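User: Could you walk me through a few local features of this one?

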Amino acid sequence: IIEQLIAERAKAGRTVASDDARLLGAEGRSAARRGDFAAAAQAFRAALAEDPFDGEALFGLGRALVLAGERDEGLRVLERHRRLVPLLDAVDFARRGVDLAPAHAPNWTALGDAERALPRLDRAEAAYRRAAECARDEESVANALRWARLLAEDKGDVDAAVDLLVRTARRTPDARLHVRAGDVLLAARRAPEAIAAYERALALRPQDAEIARRIAAARSGDSR
């Protein structure tokens, strides 16, 4: 259907919509089949401008560049495609898990992890949020730990990460949530708040030597 639309638009002298990555990719493949590799590369570049994670467009661009005589750039693009493929495969696998069991929180968490690895952070966060909505107690802890990493490490939003961990801990008391909150706060050089978080963790696990070590390190200013 897409190929037919391309042909009809070409006959009418119209170009593909500049914001439709699928149509732009199809236009690139059509140009490549005609042997017009310069036009193919242009179309694939436009497709990637709309969707940088379009694996077909990335491969098509690399191949078109090589065949158009731009070998070095083409090989660099193909190498990027090679690195991207397993990440896209992981997203596809996780998405199929969600399709099979859409109310199973760990499936949504796995999708969030896969999207984060690309990284498509907004999609990852949406998946983590959906996991939180349908998670049971233990599932909510695992999901919050991953979501908090995205917020703190990828988005630089320490307060949002800590708030998420604290809210989850109210629902499901778990020392790991307070430890992660402490780690996030300590990395942000907020030692007094980090110590308080570690102490909440220690209250749940009074014999945990690692938590006690974290408290001592934070108090001494050694965050290693």
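User: How far apart are the end C-alpha atoms of helix α8, and what should its residues span?
Analyst: In this predicted model, the end C-alpha atoms of α8 (residues 137–154) are 25 Å apart, which agrees with the 26 Å that its 18 residues should span at 1.5 Å a residue.

User: Which residues of α8 are buried?
Analyst: The buried residues are Glu 139, Ser 140, Val 141, Asn 143, Ala 144, Leu 145, Trp 147, Ala 148, Leu 150, Leu 151 and Ala 152.

User: And what do the buried residues of α8 pack against?
Analyst: They pack against α6 (105–117) and α7 (121–134), and also against α9 (158–171) and α10 (175–187).

User: What about the backbone just after α8?
Analyst: There, Gly 156 takes a positive phi of about 65°.

User: Switching to Glu 133, is this residue buried or exposed?
Analyst: Glu 133, which is found in helix α7, counts as exposed because its relative accessibility is 58%, and the cut-off for exposed is over 50%.

User: How far is Glu 133 from Leu 58?
Analyst: The two are 75 residues apart in sequence, and in space their C-alpha atoms are 35 Å apart.

User: Now Asp 163, where is that found, and what contact does its side chain make?
Analyst: Asp 163 is found in helix α9, and its side chain makes a polar contact with the side chain of Arg 167 at 2.8 Å. With a relative accessibility of 39%, Asp 163 counts as partly exposed.

User: How does Asp 163 sit relative to Ala 181?
Analyst: Asp 163 and Ala 181 are 18 residues apart in sequence, with 8.6 Å between them in space, C-alpha to C-alpha.

Terms used: Residues are numbered from 1 along each chain as its sequence is written. This is a predicted model: local features need pLDDT of at least 70, side-chain atom pairs count only at pLDDT 80 or more; totals for chains, interfaces and linings use all residues. Side-chain values use heavy atoms; hydrogens and water are left out. Helices (H or I, at least four residues) and strands (E, at least two) are DSSP runs, numbered from the N terminus. The expected span of a helix is 1.5 Å times one less than its number of residues. Buried means under 20% relative accessible area, exposed over 50%, partly exposed in between (1.4 Å probe, protein chains only). Contact means heavy atoms within 4.5 Å. A polar contact is a pair of N or O atoms within 3.5 Å; within protein, one must be able to donate a hydrogen and the other to accept it, and residues adjacent in sequence count only if both atoms are side-chain atoms.
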